[in-house]
Amino acid sequence: MTDLWPAVLTEHARNRMTRRGISEADVRETLRSPESTSPVRPGRLVAQKSFAIGDPPRQYLIRVFVDVDRT
């Protein structure tokens with residue numbers, strides 16, 4: 001499997017994260033240890049992981065789309 005941790009977060013991704021209230025730490029944790037990864041198309045995959053967020057905690061699924069054919 002491709003190492004996803006060093007992925008570069010684009011401005012588009014950062015804007016979406018801000019809009020949805022997702023922290024960079026949660027995105028990096030998803031990239032570091034995804035529960036699953038699936039190809040979307042050649043050169044792109046999605047990594048996903050569930051998190052308990054909030055008080056009281058609720059389960060959320062974070063999906064991170066990664067272009068693996070770029071540097």
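Q: Why is Arg28 called buried?
A: In this predicted model Arg28 has a relative accessible area of 13%, and a residue counts as buried when that value is under 20%, as exposed when it is over 50%, and as partly exposed in between, with a 1.4 Å probe and protein chains only. Since 13% is under the limit, Arg28 is called buried.

Q: Where does Arg28 sit, and with which residues is Arg28 in contact beyond its neighbours within four places in sequence?
A: Arg28 belongs to helix H2, where a helix is a DSSP run (H or I) of at least four residues, a strand is a run (E) of at least two, and both are numbered from the N terminus. Once the neighbours within four places in sequence are set aside, Arg28 is in contact (heavy atoms within 4.5 Å) with Trp5, Pro6, Ala7 and Leu9.

Q: What makes the pair of Arg28 and Ala7 a polar contact?
A: A polar atom of the Arg28 side chain lies 2.8 Å from the backbone oxygen of Ala7. A polar contact asks for N or O atoms within 3.5 Å, one able to donate a hydrogen and the other to accept it, and residues adjacent in sequence count only if both atoms are side-chain atoms. The distance of 2.8 Å therefore meets the limit.

Q: How do you know that Arg28 and Glu24 form a salt bridge?
A: The closest N and O atoms of Arg28 and Glu24 are 3.5 Å apart, and a salt bridge is a side-chain nitrogen of Lys or Arg within 4 Å of a carboxyl oxygen of Asp or Glu, so the pair qualifies. Both residues lie in helix H2 (residues 24–32), four residues apart, about one turn of the helix. Glu24, at 33% relative accessibility, counts as partly exposed. Arg14, Glu24 and Arg28 are linked in a network of salt bridges.

Q: What makes Arg32 and Glu29 another example of such a pair?
A: The N to O distance between their side chains is 3.4 Å, and the two meet in a salt bridge. Arg32 and Glu29 both lie in helix H2, three residues apart, which is about one turn of the helix. Arg32 is partly exposed at 49%, and Glu29 is partly exposed at 24%.

Q: Which parts of the chain does the salt bridge of Asp67 and Arg41 tie together?
A: The closest N and O atoms of Asp67 and Arg41 are 3.6 Å apart. Asp67 lies in strand E3 (residues 58–67) and Arg41 in strand E1 (residues 36–41), so the pair ties together parts that are 26 residues apart in sequence. With relative accessibilities of 24% for Asp67 and 38% for Arg41, each counts as partly exposed.

Q: How many salt bridges does this rule give?
A: The count comes to six salt bridges, among them Arg28 with Glu24, Arg32 with Glu29, and Asp67 with Arg41.

Q: Which kind of peptide bond joins Asp55 and Pro56?
A: The bond is cis, with omega at about 5°. Most peptide bonds are trans. Pro56 is found in the loop between strand E2 (44–53) and E3.

Conventions:
Residues are numbered from 1 along each chain as its sequence is written. This is a predicted model: local features need pLDDT of at least 70, side-chain atom pairs count only at pLDDT 80 or more; totals for chains, interfaces and linings use all residues. Side-chain values use heavy atoms; hydrogens and water are left out.
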